[in-house]
Amino acid sequence: MSVFDIFKIGVGPSSSHTLGPWRAAMRFIGELEATGKLASVQQLSILLYGSLAKTGHGHGTDIAIQLGLSGEDPVTCDVNDIDAKVEKIRRDKQLHLHGQFTIGFDPLTDIQFLYDESLPFHPNALTFLVTLQDGEQLASTWYSIGGGFVVKEGEIAGGGKNNVDLPFPVDTARQLLQWCIKTGYSISELVMENETAWRSEADTKAGVLRIWEVMRDCIYRGCHTTGELPGGLKVGRRAAALNLKLLKGRTYTDYNSWVEAIRAGGEHFSYTLDWVSCFALAVNEENASFGRVVTAPTNGAAGVIPAVLQYFITFCDGLHTEKIIQFVLTASEVGSIFKKRATISAAMGGCQAEIGVSSAMAAAALTECMGGSQRQVLMAAEIAMEHHLGLTCDPIGGLVQVPCIERNTMGAIKAITASQLALQSNPELAKVSLDAVVKTMWETAQDMNSKYKETSDGGLAVNIPISLPEC
């Protein structure tokens, strides 16, 4: 599993409910085109099951599918044009498949939310139903399994083009540590060696820095954008006001001078804490507004890792290319272990699988960049996840806003605390290993009631009276 499987550039608000269905639609259209059937499509409808149905409106699942079918790419599309493009489809009742072939399509009737139906493989399921001009009918079912990963019915999750022979294969934290001890590599160095199975080191570094650029721009944009988040909850953006308050009139012209202006305010505890919260709020407010974010490892948890990395850059003098690469590579390896041994899908494991995993990734990355040993890095990841175990996913109105945005601030703060604890501890004396906490997280996920797994059927989602006309 590559660093670019864990970190993906895309569009908010959800990796599993927005980015995943978007990618499924793109792949489905690609298959029709490859078999010469795209031009023959006469009618198309989509069925959404389980969690995709129950919280799909709030997460923009229907919007993502329409854009994917239209040939838009979540990595490169103009996020400012999304509303206009979706409104045009609704108004004209027409869909331009892959931007080439026009069919009649009414989103209100041709996208069906089957709230009471679920498929056994995964709660996030969707089926494309197609009628061709000669009367042939096709059905294709896909699963959005978390973090923007999609699997077609009958495929093996994780199979395909990424099956390569890695010099240092890793499935568990124990294996990772054994390789590090044997080679003397840090975790990030080991990851870089594995990445050479896919591409050159130069290409990997360029790709990682592109990931950071998107994170950086998202933080900066979120800290300078005001207004109300879409969806009907009437949640106001807070990052821009907090940014203004904390700077106390200090001026700047771009990102670099902004960082200097922040540093000029000092390093006392409450000031630093406020900035970490501000960074996380900024990213997740952008995410909730269909902005461009990095899945880290999911969209709902997209603010934790950028906030901790920005903290490291701002308050620990970490604005160095090699340190940023080191941070991202280390984080990706911890994320891949959770992906392989448990889940990063809230629909499968609750919010512990999103905020918990992202906090563990950030804690590990910060610890390595602060000079921690390999054992301390894994200890930091374990501490961070240990204190997220059992965290439920209960988004009010099916929107990635309340409590999701604030949970990113909590995950970032816990990651920094976990890192500091690990750096001041002897890992040889730890009672809990990272593998043990991964196993526990997965067992907890399996035992968790489904109403706490991104269905909006439990928790805050049913205890906060609201009216959501847009949903």
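Please keep in mind as you read that the model is predicted.

**Annotated spans**

Let's start with what the record says. An unreviewed UniProt entry carries the annotation "domain: Serine dehydratase beta chain", which covers residues 2-154. In the model, this span is 37% helix and 31% strand, and its end C-alpha atoms lie 23 Å apart. UniProt also places the feature "domain: Serine dehydratase-like alpha subunit" (unreviewed entry) at residues 183-461. Here the make-up is 61% helix and 1% strand, with 49 Å between the end C-alpha atoms.

What about their surroundings? Phe28 is buried, with a relative accessible area of 4%, and Phe128 is buried too, with a value of 0%.

A second pair has another geometry. The ring centres of Tyr271 and Phe315 are 6.3 Å apart and their planes stand at 90 degrees, so the pair is edge-to-face. Tyr271 sits in helix H13 (residues 269-288) and Phe315 in helix H14 (residues 304-315), so the contact ties together parts that are 44 residues apart in sequence. Tyr271 is buried, with a relative accessible area of 6%, and Phe315 is buried at 11%.

Tyr271 and Phe315 also take part in one aromatic cluster, together with Trp212, Tyr220, Tyr255, Trp258, Trp275, Phe279 and Tyr311.

Lys8 lies over the face of its ring, at 3.5 Å from the ring centre. The charged end of Lys339 also sits over the ring of Phe149, 4.3 Å from its centre.

**Cavities and a pocket**

How many cavities of 30 Å³ or more does a search of the whole structure find? There are two.

| Space | Volume | Lining by class |
|---|---|---|
| Largest cavity | about 140 Å³ | eight nonpolar, five polar, three charged |
| Second largest cavity | about 60 Å³ | seven nonpolar, one polar, three charged |
| Second largest pocket | about 870 Å³ | 16 nonpolar, nine polar, 11 charged |

The largest cavity has a volume of about 140 Å³. It is lined by 16 residues, and those closest to its centre are Gly300, Glu354, Cys393, Val400 and Cys404. H2 and helix H19 (404-423) are the elements that give two or more residues to this lining.

The second largest cavity is lined by Met1, Leu166, Phe168, Pro169, Val170, Val191, Asn194, Glu195, Trp198, Glu333 and Lys340. Two or more of these residues come from each of helix H9 (187-195) and helix H15 (321-341). H9 gives the most, with three residues.

Turning to the second largest pocket, about 870 Å³ of space lies in it. Its lining has 36 residues, and Gly60, Ile63, Asp83, Pro230 and Phe290 are the closest to its centre. Elements that give two or more residues to the lining include helix H4 (56-59), helix H5 (61-69), helix H7 (107-110), strand E5 (111-114), helix H10 (201-222) and H13. The largest share, five residues, comes from H6.

**A closer look at H5**

The buried residues are Thr61, Asp62, Ala64, Ile65, Gln66, Leu67, Gly68 and Leu69. Just after H5, Gly71 takes a positive phi of about 95 degrees.

Technical notes:
Residues are numbered from 1 along each chain as its sequence is written. This is a predicted model: local features need pLDDT of at least 70, side-chain atom pairs count only at pLDDT 80 or more; totals for chains, interfaces and linings use all residues. Side-chain values use heavy atoms; hydrogens and water are left out. Buried means under 20% relative accessible area, exposed over 50%, partly exposed in between (1.4 Å probe, protein chains only). Rings of Phe, Tyr and Trp (its six-membered ring) pair if their centres lie within 6.5 Å; planes under 30 degrees apart count as stacked, over 60 as edge-to-face and the rest as tilted. Helices (H or I, at least four residues) and strands (E, at least two) are DSSP runs, numbered from the N terminus. A charge sits over a ring if NZ of Lys or CZ of Arg is within 6 Å of the ring centre and within 35 degrees of the ring normal. On a 1 Å grid over the protein atoms alone, a cavity is a set of points where a 1.4 Å probe fits but cannot get out, and a pocket is an open set with protein on both sides within 12 Å along at least five of seven lines; lining residues have an atom within 4 Å of a point. Grid points are joined across faces, edges and corners, and a volume is the space filled by probe spheres set on the points. Ala, Val, Leu, Ile, Met, Phe, Trp, Tyr, Cys and Pro count as nonpolar, Asp, Glu, Lys and Arg as charged, and the others, Gly among them, as polar. UniProt positions are given in the numbering used here, feature names are shortened, and annotations may be inferred rather than shown by experiment.
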